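Here is a short tour of one model, meant to be read with the coordinates open. Please take a look before reading on.

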Amino acid sequence: YGREARWDDVGQGVYTVAFDFDEDGPGGQLIAVTLYYLAEAADLPRLLEQRAAALATGYGPMSATSPGHHEGKAGAVRITLGIDPPASAVIETFRVR
């Protein structure tokens with residue numbers, strides 16, 4: 001997690017970024033990157049739809065798989081976008097399939 005970092009070059013409103021590896025240590029391969037966007041609870045649905053539209057522009061249409069959750073694909077990468085109400089965040093994950 002990079003909470004102390006500035007993520008302006010990643011995107012406006014990014015609070016933190018998490019990097020997931022398939023194993024600990026120097027042999028681990030990066031398998032996912034997750035961006036966290038914080039917002040007031042009432043603004044989360046609007047932020048989710050804004051992020052879905054932005055991702056669709058760059059990667060193709062996102063499918064709403066349930067209320068508050070979208071999925072899409074970009075080559076070998078699965079993109080998921082969802083609301084995390086307890087964290088008051090929209091979470092956007094890019095994961096190698």
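Which residue takes a positive phi in the hairpin of strand 4 and strand 5? In this predicted model, Gly-75 does so, with a phi near 60°. That hairpin has 2 residues between its strands. The hairpin of strand 5 and strand 6 has 4 residues between the strands, and there Ser-88 takes a positive phi near 50°.

| Strands | Sense | Bridges | A bridge pair |
|---|---|---|---|
| Strand 4 and strand 5 | antiparallel | 6 bridges | His-70 and Leu-81 |
| Strand 5 and strand 6 | antiparallel | 8 bridges | Asp-84 and Ala-89 |

Now for the helix. Helix 1 runs over residues 44–59, which makes 16 residues. From its first C-alpha to its last it reaches 22 Å, close to the 22 Å expected at 1.5 Å a residue. Just after helix 1, Gly-60 takes a positive phi of about 105°.

Which residues of helix 1 are buried? They are Leu-44, Leu-47, Leu-48, Arg-51, Ala-52 and Leu-55. These residues lie on the same side of helix 1, because they cover an arc of only 135° around the axis.

And what do they pack against? The buried residues of helix 1 pack against strand 2 (30–38), strand 4 (69–74), strand 5 (77–84) and strand 6 (89–96).

Key: Residues numbered from 1 in each chain as written. Predicted model: local features only at pLDDT ≥ 70, side-chain atom pairs only at ≥ 80, totals over all residues. Heavy atoms only, no water. Expected span 1.5 Å × (residues − 1). Buried < 20%, exposed > 50% of the residue type's maximum accessible area, 1.4 Å probe, protein only. Arc of directions from axis to C-beta. Contact = heavy atoms within 4.5 Å. Pairing = 2+ DSSP bridges.
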